[in-house]
Each structure stands twice: as structure tokens, then as C-alpha cells.
Amino acid sequence: MSLSANSTGPRLAVVGNPGNRRVALFQDAVRAAGLPPARTVSWRQVLRGEAAFLPGERVRIDSPGEDAEIERLLRGVDDPTRVEGSALWYARFTSAVREVARTAAEAGAVLLDGPRDIEVLFDKRLCHGVLGAAGVRVPDSPTSGPAAPAVRDWADVRGLMSDHRMPRAFVKLAHGSSASGVLAVETAGPGRVRAMTSVERDAAGRLFNSLRVRRCTTEREVAAVVDTLAPDGLHVERWLPKASVHGGRVADLRVVVVAGRATHAVVRTSRSPMTNLHLGGARGDLDEVRAAVGAAGGSWEEALALCEQAASCFPDTSCVGVDLLPATGWRRFAVGEVNAFGDLLPRLTGLPGSGAEGLDTYAAQVAAVLRSETEQAGRPRPDAMDRPPRTRQHGDEQARNPRVTPLP
């Protein structure tokens with residue numbers, strides 16, 4: 001049956017994996033807003049050239065992850081836990097996103113996520129360069145930006161760390177996510193190298209993601225992992241000492257920015273350098289963190305403004321997840337990464353004063369889209385949404401996605 005638009009049809013569509021928890025949470029938010037279910041366009045349809053959109057649809061692009069068949073089509077591997085293949089994944093994924101954009105434009109649909117933004121967000125070297133050029137505080141990196149030298153092997157990594165006086169550095173896959181292929185490397189003179197990583201190497205030299213962070217205690221072991229990762233592209237950045245919370249666990253934060261506004265935040269703590277929750281990290285107490293920042297003479301508002309500044313570098317994308325790194329002492333912050341699909345924080349409701357109180361990350365995004373449509377139609381806004389925006393340093397100069405409007 002051919003697609004057709006009508007007054008009772010959905011105004012929202014989502015490109016994702018049907019049945020995936022991300023799509024399910026978004027659909028829950030759509031239903032809670034009193035809208036018809038978002039029409040799901042599967043990544044399988046996209047990759048087969050079968051995607052179609054309706055005129056006027058607002059199209060959300062969601063993650064293609066957590067589906068073994070899609071992983072095989074994008075990365076060319078049969079085991080989804082394999083680390084290798086991220087460069088091929090990136091090439092195929094960004095090509096598919098461009099195809100979504102082309103098909104949507106031809107149909108008269110409107111994307112909530114910009115293809116060029118996504119291309120940059122999924123290349124850590126490009127993303128780091130864009131953030132740095134915009135004045136966002138980021139860790140030092142010799143591989144930042146499109147003109148940076150390629151990293152061919154461990155010898156290159158060792159040389160960059162030495163030349164830039166980085167005794168400790170994170171070595172990351174340029175197109176990795178969820179800490180895949182990440183090594184936290186420490187050096188202390190010739191031959192004294194160790195690293196922590198979730199990568200496991202089998203007898204044949206193949207690399208696999210693990211849910212356990214382990215130590216590599218010799219330079220030979222570190223070099224073997226890095227040399228295997230290098231063909232997919234590597235990003236090297238200074239390992240900044242992080243602040244800690246009660247119990248001595250290091251901490252960072254994932255801050256979700258919706259339509260230019262920091263709406264949600266979660267503290268992630270760990271005894272290892274990687275705080276990812278799936279690697280044994282645990283959620284921390286946000287109130288404890290805010291109190292620590294205030295006691296140290298820092299500003300929580302400035303920390304959120306830094307996240308908003310980072311998000312403003314990607315004006316065509318309605319929602320990003322910013323990894324915020326607190327320096328030891330809780331007074332200064334830097335942005336580690338910006339994630340295109342960083343909103344998977346089930347049951348987390350909005351920050352006080354954000355305009356998203358009582359809303360999860362998906363409901364906040366739906367609310368921003370609906371608010372935009374209300375304002376574009378010239379209709380008066382509901383009283384409940386007529387609250388003044390909170391004060392922030394960088395809000396006035398931020399570029400906004402014209403398809404969504406900031407929460408009040």
C-alpha cells in the first residue's frame with residue numbers, strides 16, 4: 001500500500017530498530033503526549049533502500065545498535081561483541097543517514113537530527129576539533145580536527161604521548177561508542193607501560209568487548225591491542241584527573257541537552273577510569289555533586305552552561321548527551337564527548353528549573369517538538385509553559401534547531 005498523509009496520521013516518525021528499548025521509550029513519550037504512535041521506519045528498511053516518509057512528518061533518527069543483524073550489515077562481523085570494523089560501520093552508517101535525509105527531503109518530511117552533525121558526532125577527532133574551535137573546554141589532544149596526523153600503530157601513540165608530554169592518555173576508537181576499544185594508558189619511562197581497558201584479545205589476536213575492565217601490564221600487550229585497533233582510526237587525548245565522590249570513586253556526568261537546554265543529568269561513578277554503567281559504573285548522588293561544586297566555590301550553572309555551549313556546536317540536532325568531566329576539586333569542568341544517542345536514561349526526570357521537571361529525556365524531546373509547532377502556528381502557549389528560562393552564560397548566543405523549541 002502506498003503511503004499517504006491524512007489528518008489522523010502520525011506527525012512523528014522514528015528511524016530505529018522495532019522492539020528496541022529506545023524506540024519503546026520514545027513511543028511511550030509520544031503516547032503520553034496524547035499523540036498517535038510515531039511511525040517506525042526500521043534500519044533494515046533504510047539499509048535495503050526501502051525507507052519512506054510522509055509529508056510534514058518530524059523524523060527522529062535513533063541508534064541502530066543492539067541488533068545483531070544490523071551490526072552485521074554495518075560492520076561486516078558475525079559476532080556483535082567484536083571490536084574491529086568501526087571504520088566500516090561509520091562509512092555505512094553515515095551513508096545510510098544521508099539516504100534518510102535525502103528520502104525525507106523528497107517526501108517533504110523534516111529531520112530532527114542533522115546528517116552532518118551526526119557525521120561529526122561519530123568521529124571523535126572531528127567532534128573534538130569542532131568543540132575546541134568553538135571555545136569549549138576539552139582535554140588536550142594531538143589528534144583533534146581533520147588536519148591531525150593519522151595514528152597508524154602503538155609507536156605513533158607512544159610518540160604523540162611523549163611529544164605532547166602526556167604520561168597518561170585515553171586512546172579511543174575514532175568511531176567507537178559505549179567505551180568500545182578504549183584504553184586508559186599510563187607511561188612512566190621506557191618499557192614501563194600499563195593500561196586499563198574493556199577489550200579482550202583472543203589467541204588469534206581478535207578483539208572483543210567485555211563487561212569487565214581489565215589491566216594490561218606490559219607494553220607488548222598494550223601495543224598488540226593498539227596495533228589491532230589502529231586501522232579503524234584512533235583518537236588520543238590527555239587523561240584528566242577526575243573529581244571523586246564519597247567512597248573514593250571517580251565521577252563524571254552525562255548531561256542531556258534538549259533543544260539547547262540542559263534538562264537531565266546523571267552522575268556516573270567508578271573505581272576504574274571508565275565510568276560507563278555497563279562496565280560496572282554506578283549512578284551517584286546528584287545532590288552530593290551539586291553540594292561539592294558549591295562548597296569548592298564552583299558553579300553548577302556554569303557547568304550546565306558548558307554543556308549547552310557544547311550542544312550549540314550541533315545546531316541541527318535536537319538532543320545530545322554531553323559527557324561532563326569534573327576536575328579534581330570540583331571547581332572546573334571539561335567536555336569529554338558529545339553523543340548523538342546519549343539520551344537512554346530510563347526513569348530519569350528533568351532537572352529543577354529546566355522546564356522538564358517530571359519528564360524523562362524522551363518526553364522532554366516530544367514536548368520541545370510540540371512547543372515548536374504551537375509557536376509556528378501562532379497559537380498561544382499553555383500557561384504551564386510560560387515560565388522564564390533560567391539564567392545561563394551561553395544561552396543567548398546558541399544556535400537552535402528550528403524544528404524544536406527550547407523548553408521554558
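Let's start at Gly 135, which comes after helix α6 and has a positive phi, near 85°. Helices here are DSSP runs of H or I with at least four residues, strands are runs of E with at least two, and both are numbered from the N terminus. This is a predicted model, where local features need pLDDT of at least 70 and side-chain atom pairs count only at pLDDT 80 or more, while totals for chains, interfaces and linings use all residues. Residues are numbered from 1 along each chain as its sequence is written, and side-chain values use heavy atoms, with hydrogens and water left out.

Now to the other end of α6. Asp 123 caps the N-terminal end, with a side-chain oxygen 3.0 Å from the backbone nitrogen of Arg 125.

On to a sheet. It is open, has 4 strands in the order β2-β1-β3-β4, and its pairing is parallel; two strands pair if DSSP finds at least two bridges between them. At the edges are β2 (39-42) and β4 (110-111), each pairing on one side only.

Let's look at β3. Strand β1 (residues 12-16) is joined to β3 (residues 58-61) by 4 bridges. Leu 12 has Arg 58 as its bridge partner, and Val 14 stands opposite Arg 60. Towards β4 there are 2 bridges, with Arg 58 opposite Val 110. Where do the β3 side chains point? Arg 58 and Arg 60 go one way, Val 59 and Ile 61 go the other way, and all are buried.

Helix α1 (residues 21-32) lies across β1, β2 and β3, running at about 170° to β1. That angle is taken between N-to-C directions, on a scale from 0 to 180 degrees, of lines fitted to C-alpha atoms.

How many cavities of 30 Å³ or more does a search of the whole structure find? The search finds 4, a cavity being a set of points on a 1 Å grid over the protein atoms alone where a 1.4 Å probe fits but cannot get out.

Notes: Contact = heavy atoms within 4.5 Å. Polar contact = N/O pair within 3.5 Å; in protein donor to acceptor, adjacent residues only side chain to side chain. 1 Å grid on protein atoms, 1.4 Å probe; cavity = no way out; pocket = protein on both sides within 12 Å on 5 of 7 lines; lining within 4 Å. Points joined across faces, edges and corners; volume = space filled by probe spheres on them. Buried < 20%, exposed > 50% of the residue type's maximum accessible area, 1.4 Å probe, protein only.
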